[in-house]
Each structure stands twice: as C-alpha cells, then as structure tokens.
Amino acid sequence: MPVPPLAGPRRKSVWVDRVLIATGITMAAAAAFFPWYVFFNEDKFGIRVAAIDRSRDLPHTGPRNVFSVSPMAMVNRNKNPNPQPLPMDQLTTASVSSLGKDKNTRPVPMEEQPFPGPTGFRLLHVANGRAMIEDRSGMYMVRVGSILPDQSRLAALEQRNGQWVIVTSKGNVFAPE
C-alpha cells in the first residue's frame, strides 16, 4: 500500500523556497541595474566641485583676536645672565657621582679630550680628507686638527712619492706600513 504524502510541511517548504528564489532574483536584478542608475544620474552621485565664482575672494572681515600664542613666539623677559643649571636627576641613571670633585671645573669638550696616554700609532688609510689610524686601544678616524694618540694634532695630509702621509704638529711624519 502506498503511503500518502504529507500535505502540510511540504507545502510550507515549497512556499519558503519560492520566496527565497524571488528575493535572490530581485537582489541580482537590483545589483545589475544600480551601476547604470549611477551612470545616468551623475549629479546625485558625482564629486561636488565648488563654483569658481564663489570661491575666488575671501570674505571681507576684520582681523580676529588672538586667543593663544605659540610658545616659540613668546619672548624671554628674564634678565638673569647666569641661569641656574637644572637639578640633577635623582633616579639611578648609571651616572658617576660628583662627590669629591671640584665644583669650579668645567667639563672638557670632546675635541679637547686627550687619548689615554702617549702611545705610538700607525696610519692605515687616507680617503676624502680623513685618515684612519690605529694604536693598541683601537682604530680612529681623524682629520686635520684632530688630536692624535701622541698628544699632537694632525697638521696635514700629504701625498709623498705616491703615498699618503700624515704630518703632526710636532713635525712627525707617519706613512702607511
């Protein structure tokens, strides 16, 4: 004996399927039609450009009040010729303590700091107005006026007999070895 089909649930699923198919077709048609709608209605979707005749002249208004001033524009009115140095940072910053040092000594600029003791050195290379020298503590780039490891200054870089040499302020001549 054949089983009769279920009438209620099957009809409901067919109706839902038809609604979903109709919705999909409608959305596909709208997606295909929308670019054409935008193309034929550029005034609604295009870039709005300001009219030239309205943007040519600025409105005639008076000067505005200044409400804030840049810190760079402020004038220093302090007349203290010897400003006090900033206080030392009290945090541990791996700095060396100044206890026992004379307060009147000034820090030595880097250009005036001597090399650690007079030692011999040798010339390695000369290029672009600079010379590379080496002593037992390392290699250094020097130029005319630089302090050398023997506590003299580099007086000149010269080329003698096809070879670069350096002449010190003490009159010593060093050639590459």
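Guide: A salt bridge is a side-chain nitrogen of Lys or Arg within 4 Å of a carboxyl oxygen of Asp or Glu. By that rule this structure, a predicted model, holds two salt bridges.

Visitor: What makes R122 and E134 a salt bridge?

Guide: The closest N and O atoms of R122 and E134 are 2.7 Å apart. The cut-off is 4 Å, so the pair counts.

Visitor: Why are R122 and E134 called partly exposed?

Guide: R122 has a relative accessibility of 33%, and E134 has 24%. Buried means under 20% and exposed means over 50%, so both values fall in between.

Visitor: Why is the pair of F33 and Y37 called tilted?

Guide: The ring centres lie 6.3 Å apart and the planes are at 40 degrees. Centres must lie within 6.5 Å, so the rings pair; planes under 30 degrees apart would be stacked and over 60 edge-to-face, so 40 degrees is left as tilted. Both residues lie in helix 1 (residues 8-40), four residues apart, about one turn of the helix. F33 is exposed, with a relative accessible area of 52%, whereas Y37, at 32%, is partly exposed.

Visitor: Why is the pair of W36 and F40 called stacked?

Guide: The planes of W36 and F40 stand at 25 degrees, with the ring centres 6.2 Å apart. An angle under 30 degrees counts as stacked, so that is the label. W36 and F40 also lie in helix 1, four residues apart. Each counts as exposed because its value is over 50%: W36 has 51% and F40 has 60%. Ring pairs link W36, F39 and F40 into a cluster. Over the whole structure, a search finds five aromatic pairs.

Visitor: What makes strand 4 and strand 6 edge strands of their sheet?

Guide: Three strands form an open sheet in the order 4-5-6, with antiparallel pairing. Strand 4 (154-160) and strand 6 (173-174) each have a single partner strand, so one side of each is left without a neighbour in the sheet.

Visitor: How do you know that strand 5 and strand 6 pair?

Guide: Strand 5 (residues 163-168) and strand 6 are joined in the antiparallel sense over two bridges. At least two are required, so the strands count as paired. V167 has V173, in strand 6, as its bridge partner.

Visitor: Which residues make up the largest nonpolar core?

Guide: The core has 10 residues: F121, L123, V126, A131, I133, V142, L148, L154, L157 and I166. Membership requires being buried, so each must have under 20% relative accessible area. Strand 1 (122-127), strand 2 (130-135) and strand 4 each supply at least two residues of the core.

Visitor: Which residues does L123 contact, leaving aside its neighbours within four places in sequence?

Guide: Its contacts are A131, M132, I133, W164, V165, I166, F174, A175, P176 and E177. Among them, A131, I133 and I166 are also members of the core.

Methods: Residues numbered from 1 in each chain as written. Predicted model: local features only at pLDDT ≥ 70, side-chain atom pairs only at ≥ 80, totals over all residues. Heavy atoms only, no water. Core = buried A, V, L, I, M, F, W, Y, C linked by side-chain atoms within 4.5 Å. Buried < 20%, exposed > 50% of the residue type's maximum accessible area, 1.4 Å probe, protein only. Contact = heavy atoms within 4.5 Å. Phe/Tyr/Trp six-rings, centres within 6.5 Å; stacked < 30°, edge-to-face > 60°.
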